[in-house]
Amino acid sequence: MANKKLGMGSVVATGVGLIVATSCLLSLGQGSAAIGTTFIISMVIACAINILFALSVSELNSLMPNITGGLPQYTLASIGPFITIVIMVGGYLACNTMVSSAECAMFGNTIHSVFPHTGIPASAYCVVLVAILMIINLNGVDIFAKVQDFVAYALIVSLLILGILGTLKIGVGHPVNQPAVLSSKFSDITGLCGLAFFLFIGCEYVIPIGDKIDNPRQKIPAGMIISLILVLTFQIFMCLGFKNYTPWAQLGKSTTPHVLYGTLLLGPVGTYWMAVVSVLAVVSSVNTVISSLAYIAAGMAKIGLLPEIFNKTNKKGAPVAGILLFGGIILVINALGLSTSSSLSFLILCGCAFWMLSYFITHINVLIFRKRLPNAPRKFKVPGGPIIPILGAAGMAWMFWNISSDPAQRIQIYIVCAVMVVILSTYAVIWIKKVMHRDLFKPFPMEEVMAMDNDLYAVYHDPKTGRLRANVSRGANVPDGSEA
Amino acid sequence: MKFSRVEIIMDNAKLEALLSAVGQYGISGITVYQVLGCGVQYGSKEYEGVAKTTPTLLPKQVAMVVMPTDQVKAFLKFVSEELYTGHIGDGKIFVSDIEEIMRVRTGEVGIEALEPQKH
């Protein structure tokens, strides 16, 4: 495991790096093209709701600090294994993998649009990138931190500069004379909140690296909120820049709106600059997703929700199985060219729906722990009593209802979610009843979930059932580990 | 003014977090002693899950401070947040009344025995 402690800069970089992605720029372009600069209101609403989530998850982290799995472990201790597996394990991991595949596709499309004459298919760029990122992650957290900081700051600065240039109309291209507002109807604004939500998801990925952060109980909430506000700021600038340089109709049709914007803003320089930004965005988000999902899966394996192989690490302390699995799935999807399909934008929204459900459950977890453990010390407690978690949960439910402005597509998304819930529920019931031998909705004692995070727990217990191993029951000598 | 004795049984690694409290909450000194002890788990580690029938004494530290009683609540909140990890073994805190305090060298009693001597 890496010994270096990460500071606030790395926390913000991790948060921003995961929040900002090339596919976000696509969503930003689509949303802006739909209703013009009014999309900023949608973004503000979505950002605010995500800040509420950041506060709730920070309180959970202060209550159960330094656990590797994050959201699933909070849910296991509050609601029990069934919801944990359906929403957190299946839904969360699956949607992240799908979204990252789309992210890679955007990367490939962007590079291909800049260098169309090389004869190299877009998917090839994706495959090479994912392979490199997998190797980086297999080498441990230190390298992860160095990569993340560099790409995140470079990305933020690039988008901020390009956004400001476009906002102030000081690009070399010709500004476009077009109305700023295409629609100011409240229904149109709220109908795009689901799309806007995608622009801000992912700040919770700092949680799995909590034990590598100096003073995590203070830096995590502050870092997440700073990340969200930073992202909102430069996305507002980008939206204003779109208005000044990118015809709305052209923007809405483009599969690489960010490259289009860069080209119209700064000519060839902008084209290559936005291409670099795309590379940085994909590198930062896919890199961190592969790593964070692997650590989340390791945490889940520790507590028996996934096979134990996900908890095995190499000499660098990297969870090998998770990195190979999630990176491998992303690589395969891109290699097959499936990620270039237009249906991926639909899958992204389905992924967002599950993300919203997991965020909703997070707020519920806070309320449950407030009731069950009112006096447990919390170095960070969400102010205002239950108001913010309740508002946050309501906000997530509202955004789920507004996942798409197209009613037909919304129904399709709900159907996909329902099908996934049925499949995951079936797996959950079988796994919990037949393998774990636990009750579906009985929360695990918090001390048991905390104990599960210790590597020695698996020596004494079968993590799936929680029962003592037979050799321990018979009184055999077992490793004692270092003194507590 | 009433005073209270606060005795904090904690893990060996947590002392540094408490030292920052000296000078706050009316605390002018701290006494630390190494001890052996156990709680309701009889010294078993949280990952063991084996119910021991005989106690196993684990090395711990006890930090003892004397402070104004009206500051105790705030101090307990600070200490509990600093010591909290969520794991079994975070420790225990005992609060008891102090009847009298004396500085041996000068014979001062009460709050004067805790404050820097005025010249």
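Which residue of β3(B) does B:T31 stand opposite? In this predicted model, the residue facing B:T31 is B:M64. The two strands concerned, β2(B) and β3 (residues 58–68) of chain B, run antiparallel and are joined by seven bridges.

This pairing belongs to a wider assembly. Chain B contains an open sheet of four strands, arranged in the order β2-β3-β1-β4 with antiparallel pairing. The edge positions are taken by β2 (31–37) and β4 (92–98) of chain B; each has a single partner strand, and therefore one side of each is left without a neighbour in the sheet. From one strand to the next, the twist averages 25°. Across β1 (3–10), β3 and β4 of chain B lies helix α2 (residues 72–83) of that chain, and the helix runs at about 10° to β1(B).

Chain A may be approached through one of its helices. Helix α10 (residues 216–245) of chain A comprises 30 residues and spans 42 Å from its first C-alpha to its last, which is close to the 44 Å expected at 1.5 Å a residue. Of these 30 residues, 22 are buried, so α10(A) is largely enclosed by the rest of the structure.

When residues up to four places away in sequence are not counted, A:M356 touches A:F197, A:M396, A:M399 and A:F400.

A contrasting position is found at A:S184, in the loop between α7 (141–167) and α8 (186–191) of chain A. Is A:S184 buried or exposed? A residue counts as exposed if 12 or fewer other C-beta atoms lie within 10 Å of its own; A:S184 has 12 such neighbours and therefore counts as exposed. Between A:S184 and A:I87 there are 97 residues in sequence and 35 Å in space, taken from C-alpha to C-alpha.

It remains to consider how the two chains meet.

Note on methods: Residues numbered from 1 in each chain as written. Chains lettered and ligands numbered in written order. Predicted model: local features only at pLDDT ≥ 70, side-chain atom pairs only at ≥ 80, totals over all residues. Expected span 1.5 Å × (residues − 1). Buried ≥ 20, exposed ≤ 12 C-beta atoms within 10 Å, placed from the backbone. Contact = placed C-beta atoms within 7 Å. Pairing = 2+ DSSP bridges. Axes fitted to C-alpha atoms, helices over the stretch in contact; angles between N-to-C directions.
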